[in-house]
Amino acid sequence: MNDIIKSKPQLCKENQQLRVDMTNANQLSEKRYVELLKNEERFSLAMRGANDGIWDWNLETDETYYSPRWKSMLGYEVSELDNIFNTWESLVNIDDKEMVIEKVHEYLAGRADSFEVEMRMQHKDGHDIFVLSRGFLVNRESDGKPIRLVGTHVDITQRKKAESFNEKNAKILEMIALGESASDIYDAIALMYETRHPGMRCSMLELHGNKLMHGGAPSLPKEYCDAVNGLENGPCVGSCGTSTYTGKRVLVENIETDIKWAKIKQVALPHGMRCCWSEPIKNSSGKVLGAFGMYYNHTALPNEEESNDLKSAAWLAGIIMEREQDQKRIRQLAYTDELTGLASRAFFYLSLEKLIKISERHHRQFSLLYIDLDNFKDINDSLGHDVGDLLLKEIAKRLLSASREVDFVSRLSGDEFSIIVEDVVDDYTAANVAQRCLDAVSQPFELLNRKLTPACSIGIAHYPDDGDNLSTLLKVADTSLYAAKEGGRNCYTFYKPELSQKAEYRFQVEHSLREAIEKQQLSLVYQPQVNIDSGEIIGVEALSRWKHPQLGNVSPVDFITTAERIGMIKPLTEWVLKTACSQAVAWKKAGFQPLQVAVNISPSHFLDKDLISLIKSVIDETGMISSELELEVTENVVQTDPKNLSVFQDLKDLKIILAIDDFGTGYSSFASLKHLKVDYLKIDKHFIDDMVNDKKTQLLVSSMIEMGHNLGYEIVAEGVETSEQLNLLKKLDCETAQGYLFSKPVSANEISKMLNTDVLSVI
Ligand code: C2E
Ligand code: CA
Ligand code: CA
């Protein structure tokens, strides 16, 4: 513990000595003797801390002696303060008083073996000083009752200030580490230095280009900050404007007379500022990011402490400014789509969220356009990603030009874009922008000597009618987009609640299909293919069926596209191939004549590298004869890539029969077919439907058959429903027909029954 308490026995000894002397002197009164004793104690205390104040409190009378140093510490002359306990009471900070008295009681009651306390006391000037008070008991009555408490006061304000400055400094570093906002940190820095130097006001300005922008200045008037905000820096623009310009410290002792303030002193003087010192804020590579300014309301140059603080304040503010700049760059990278320069998906989400909040507050409306290019994947696959990228850049430009300046255009991913159309009063604005986008996008585009004609589909969602929150709006816009795609593409679709039901259905299909395929809950039906001349069934096409317990029969058009989308088409096809081949083998075992069994292969799967090995293993496993297995692919597979030709060759090497399905609906020309080794062209049902009543279609069918024959293919007519169609096909030399006229797709058992009758009755 402290020296004073330790010195107690020694002091008592001195007192005893004094008492002996006094007794010897004998002529001194008892009162005088006590007085001397007190003085001696005080003297002894004073010796121990020359700079300490001394107090001596008589607990019985409350009479309290305060030494001249005790009083001057608080700014008072000796005569200005009475020697009573109440003097301390009136000067101690009200918030500390109770705590101090409590400590005194604890000490007097013997619960604490020393008395030492820190408290704030009011200086005559009005500000608080921190005092460390230590004391000890010098007298107890014979009954143990304490009589006097003596002690010292030490002014610890500087130490306290340093401690609190360090604490604040640590707090600011913590704020930086926690990523708190720059403006909060700027304010904290300013306040920290302002507390350390009473009367000082601080400011931080950021340099944007060559403009000074307000960073933080919590104690400077707003009017002044506004006046400085946006000023261009230069060789003579106040202290901060000059220091950011020169990159050097600028100390202005008198704003009123310094030339550097000549042009702008009128904005500072009315607010009392008289001097301003500025330190440039630099990043780690020395680039000027801003300036730290210190102001006083009197003319002055910095003392050593202030000068050091100016430097460290600028350093601290520099950490945040650099962080802000880095974050700005990161934000820029994250919020801009690199390829097109449009806003990125992240920025789109953020902006949409903000707009929803604003629109809610101000009862505004807006529309969200979801834009997806039609058949972009084909372009990417066939012409390569570089061409795809060029197209996307061009589309971005076109969308920007088609939208208004206020509209927010972003690229969400791949070929998906979005436009937020603000201030929509009715559907007209959104429809107008959507139509302009359709027109702009579908302009022909010349690329590498090829002419492309892009197109897009647009789904529109309206805030707040279709959804008042982010996730609903996105879902609704997506649903509308899907409807636009289904509705024939190159069009826009507004949202309708029915679309949600469809979307829900799609979701359920998607959700249950995976399990259905894995658990083999699908079934196969077979549709006969009939030789038109003989009426004999020469083959069957296997078609998948799925009966969902709740959704009922799901159309293969729906579940096949879903399976393709969710990556389940391979397991599905594998199951179809195995089942159909096993069935073919079973029919053969049952003694029926050989039948061609056709299985549909999705384009994506046809191009899969594992297709050939899958076919081989199915053939091996089931004992199927490969020349009786037919694979049907749609014609767009033919044209995408020359490397696909090898798949045809590999399959032909296995002696598999190949058919081009839905012929006439795609883009392939006879020219592109001539290299292909296929066996059948299946003329699409649309042509068969129309050919009886439409001469042109009939001509088309006739030439398809003729040209097909010339190229060595046999022809199958699909979707034959009437005998007129059949007769016409017979006349045109088509060899095979398939359709409801003969039979709908039926179970394997039904096919067995038909095979027993040998020839179908319609012929
Ligand atoms: P697709 O390959 O063109 O199959 C012929 C479709 O036309 C079948 O529809 C069949 O039931 C129908 N159809 C046949 N004759 C007639 C007729 O005279 N009139 C009418 N109105 N329709 C007729 P389905 O079974 O609904 O299959 C639709 C499509 O789903 C198929 O078209 C095929 O592309 C796909 N699909 C079905 N099963 C499979 C499969 O196992 N794998 C793959 N990849 N696709 C399949
Ligand atoms: Ca087919
Ligand atoms: Ca077909």
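This is a predicted model: local features need pLDDT of at least 70, side-chain atom pairs count only at pLDDT 80 or more; totals for chains, interfaces and linings use all residues.
Residues are numbered from 1 along each chain as its sequence is written, chains are lettered from A and ligands numbered from 1 in the order in which they are written, and side-chain values use heavy atoms, with hydrogens and water left out.

Q: How many residues surround ligand 1?
A: A residue is near a molecule if one of its heavy atoms lies within 4 Å of it. The closest to ligand 1 are Gln-527, Ser-544, Arg-545, Glu-721 and Tyr-740.

Q: Which strand gives the most to the shell around ligand 1?
A: Helices (H or I, at least four residues) and strands (E, at least two) are DSSP runs, numbered from the N terminus. Strand S19 (537-548), helix H19 (556-565) and strand S23 (657-663) each supply at least two residues of the shell. With four residues, the top giver is S19.

Q: How much of the area of ligand 1 does the protein bury?
A: First, some polar contacts, meaning pairs of N or O atoms within 3.5 Å: an oxygen atom of ligand 1 lies 3.1 Å from a polar side-chain atom of Asn-600, and one lies 3.3 Å from a polar side-chain atom of Asp-662. Now the area, found by the Shrake-Rupley method with a 1.4 Å probe. Taken alone, ligand 1 exposes 790 Å², and the share buried by the protein is 80%.

Q: Is H7 roughly parallel or roughly antiparallel to H12?
A: Axes are lines fitted to C-alpha atoms over the stretch in contact, and angles run from 0 to 180 degrees between N-to-C directions. The axes of H7 (residues 157-177) and H12 (residues 304-335) come within 11 Å and cross at roughly 5 degrees. Angles under 35 degrees count as roughly parallel, and over 145 as roughly antiparallel. So H7 and H12 are roughly parallel.

Q: Is H7 roughly parallel or roughly antiparallel to H8?
A: Helix H8 spans residues 182-196, and its axis is 10 Å from that of H7. The two pack at an angle of about 170 degrees. That makes the pair roughly antiparallel.

Q: Which peptide bond is cis?
A: Look at the loop between strand S16 (456-463) and helix H17 (470-486), where Pro-464 lies. Omega is near 5 degrees for the cis bond, which runs from Tyr-463 to Pro-464.

Q: What is the phi of Asn-375?
A: Asn-375 is found in the loop between strand S11 (366-373) and helix H14 (376-383). Although Asn-375 is not a glycine, its phi is positive, at about 55 degrees.

Definitions and conventions: A polar contact is a pair of N or O atoms within 3.5 Å; within protein, one must be able to donate a hydrogen and the other to accept it, and residues adjacent in sequence count only if both atoms are side-chain atoms. Angles under 35 degrees count as roughly parallel, over 145 as roughly antiparallel, 65 to 115 as roughly perpendicular and the rest as oblique.
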